[in-house]
Amino acid sequence: SGAFTMKLSDTRIATRLTIGFGLLFLLLALAVGVATVKIGHIRDEFRDVMNDDYPTSMIFVGVKDDVNLVARAIRNMLLLTDPAAVRAEHDRIKVSLKSVDERFAKAGTLVVRAEEKAVFAKIAAARDAYLGPLNRVIELVQAGDAEKAKVALIKDVRPVQNALFSAVDDPAQWTDSLVQA
């Protein structure tokens, strides 16, 4: 039969080496291509975390700091007897709450994904629930009714403050898990 068949064992060693190294080079090029695509994906994910998620998370850490400052200022208002000192603490509360509002406004411009908007809405609802009882305690202190203010602080403000802290901690934990992944 005049059919041409070629066995690998019938080829010269140089040809076999050329084919082997050619296949090796092809596999290496394929591995480099896959790695390049994966590295690009990782770079994009990292950029998203650092440019979107991390700054938003840090805004909410600032909100938590401001709410903690408000808590300390209210405590001080209840402990102080000097009206000027009480007013100074009230002024600290106003500044902190203004900072919270500014942070919320900035965070509102950064959240774009549906999950982020849901978390933001949850935090905003917790903040809104916190402000009413907080203002009631401030009114009681300013009216000189420290005993009622203490009861309202523990009974009314503390639970909604803890709910706000929990809501604020959610995006921080979520971003931490993204950064560690």
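Tutor: Glu-116 sits in helix α3, where helices are DSSP runs of H or I with at least four residues, strands are runs of E with at least two, and both are numbered from the N terminus. This is a predicted model, in which local features need pLDDT of at least 70 and side-chain atom pairs count only at pLDDT 80 or more, while totals for chains, interfaces and linings use all residues. Residues are numbered from 1 along each chain as its sequence is written, and side-chain values use heavy atoms, with hydrogens and water left out.

With a relative accessible area of 8%, Glu-116 is buried. Buried means under 20% relative accessible area, exposed means over 50%, and partly exposed is in between, with a 1.4 Å probe and protein chains only. Val-63 is 53 residues from Glu-116 in sequence, and their C-alpha atoms are 16 Å apart.

Helix α3 covers residues 114–142, and Ala-114 belongs to it. Ala-114 has a relative accessible area of 59%, so it counts as exposed. From Ala-114 to Val-100 is 14 residues along the chain and 22 Å between C-alpha atoms. Just after α3 comes Gly-144, which has a positive phi of about 85°.

Next, consider helix α2. It runs over residues 83–110, has 28 residues, and reaches 41 Å from first to last C-alpha, close to the 40 Å expected at 1.5 Å a residue.

His-90 is one of the residues of α2, and its relative accessible area is 14%, so it counts as buried. Apart from neighbours within four places in sequence, His-90 is in contact with Met-77, Ile-138 and Gln-142, contact being heavy atoms within 4.5 Å. Lys-94 is also in α2, but its relative accessible area of 48% makes it partly exposed. Lys-94 and Val-70 are 24 residues apart in sequence, with 8.6 Å between their C-alpha atoms.

Helix α4 (residues 146–180) holds Gln-161. Gln-161 has 11% relative accessibility, so it is buried. Leaving aside neighbours within four places in sequence, Gln-161 is in contact with Val-67, Ala-71 and Tyr-130.

Now the whole chain. The protein has four helices and zero strands, in the order α-α-α-α. Its C-alpha atoms fill a box of roughly 115 × 25 × 25 Å along the principal axes. The radius of gyration is 31 Å, whereas a compact globule of 181 residues would have one near 16 Å; the radius is taken over C-alpha atoms, and the globule rule is 2.2 Å times the number of residues to the power 0.38. Of the 181 residues, 30% are buried. Among contacts between residues at least 6 apart in sequence, 71% join residues at least 24 apart.

The accessible surface is about 11800 Å², with 63% of it belonging to carbon and sulfur atoms; such areas come from the Shrake-Rupley method with a 1.4 Å probe, and for residues only the protein chains shown count as cover. There are 24 positive and 23 negative side chains, and the centres of the two sets lie 4 Å apart. Lys and Arg count as positive and Asp and Glu as negative, with His and the chain ends not counted; each charge is placed at NZ of Lys, CZ of Arg, CG of Asp or CD of Glu.

Notes: The expected span of a helix is 1.5 Å times one less than its number of residues.
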